[in-house]
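Subject: Structure for you to look over, with notes

Dear colleague,

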Amino acid sequence: MTILPPDPDPDLTALRVVLARLRAERGWTFDQLADRSGLARRTLIDLEHGHTTGSVTTWHTLAHTFDVPIEHFLGALCDDHTPPGTAGS
C-alpha cells in the first residue's frame, strides 16, 4: 500500500490579494466593482477581507469583470506549492 503525502492547503490569502490588487489597479471602489460585476458589495468586501472564499461562479464572474482568465485568480491558490500536474515539467 502506498501512502501519499497530504494535499497542501490552498493559499486563500493569495486569492484575496489578487482580487485586492486588480481592484486597486483599476481604482475601483467596492461599489463600482459591485455595479460592474452584479455581485453584492458585501460579498466583494467579504472576499477581499478573507471572510469567505466564494464559489467558482463568483470567481468566474470576477474574471469576466476584470477581463482576466479565471486561472489568474485560481492559480493563486497554489502560490505556495507546486500546482498539481506540473511536477517534473
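At its relative accessibility, does Phe-66 count as buried or exposed? Phe-66 counts as buried, because its relative accessibility is 2%, where buried means under 20% relative accessible area, exposed over 50% and partly exposed in between, with a 1.4 Å probe and protein chains only.

Before the rest, two remarks on how to read the values. This is a predicted model, in which local features need pLDDT of at least 70 and side-chain atom pairs count only at pLDDT 80 or more, while totals for chains, interfaces and linings use all residues. Residues are numbered from 1 along each chain as its sequence is written, and side-chain values use heavy atoms, with hydrogens and water left out.

Aromatic pairs

A search of the whole structure finds three aromatic pairs, a pair being rings of Phe, Tyr and Trp (its six-membered ring) with centres within 6.5 Å, called stacked if the planes are under 30 degrees apart, edge-to-face if over 60 and tilted for the rest. One of them joins Trp-28 and Phe-66, which are stacked at 5.2 Å centre to centre with 20 degrees between the planes. This pair links distant parts of the chain, since Trp-28 lies in the loop between α1 (12-26) and α2 whereas Phe-66 lies in helix α4, 38 residues apart; helices here are DSSP runs (H or I, at least four residues), numbered from the N terminus. Trp-28, at 12% relative accessibility, also counts as buried.

Trp-59 and Phe-73 form a tilted pair, with 5.1 Å centre to centre and 50 degrees between the planes. Because Trp-59 lies in helix α4 and Phe-73 in helix α5 (residues 70-74), this pair ties together parts that are 14 residues apart in sequence. Trp-59 is buried with a relative accessible area of 3%, and Phe-73 counts as buried at 0% relative accessibility. Ring pairs link Trp-28, Trp-59, Phe-66 and Phe-73 into a cluster.

Helix packing

The axes of helix α2 (residues 30-37) and helix α4 (residues 56-66) come within 10 Å and cross at roughly 100 degrees, where axes are lines fitted to C-alpha atoms over the stretch in contact and angles run from 0 to 180 degrees between N-to-C directions. α2 and α4 are therefore roughly perpendicular to each other, a term that covers 65 to 115 degrees. Leu-33, Arg-36 and Ser-37 of α2 meet Thr-61, Leu-62, Thr-65 and Phe-66 of α4 in this contact, contact meaning heavy atoms within 4.5 Å.

With helix α3 (residues 41-48), α2 packs at an angle of about 115 degrees, the axes being 9 Å apart. On the α2 side the contact is made by Phe-30, Asp-31, Leu-33, Ala-34 and Ser-37, and on the α3 side by Arg-41, Leu-44, Ile-45 and Glu-48.

Two single residues

Glu-48, in helix α3, counts as buried at 8% relative accessibility, and, not counting residues up to four places away in sequence, Glu-48 touches Arg-16, Leu-19, Ala-20, Arg-23 and Phe-30. Thr-58, found in helix α4, is buried with a relative accessible area of 13%, and, leaving aside neighbours within four places in sequence, Thr-58 is in contact with Leu-39 and Leu-47.

Terms used
Helix = DSSP H or I, 4+ residues; strand = E, 2+ residues; numbered from the N terminus. Parallel < 35°, antiparallel > 145°, perpendicular 65-115°, else oblique.
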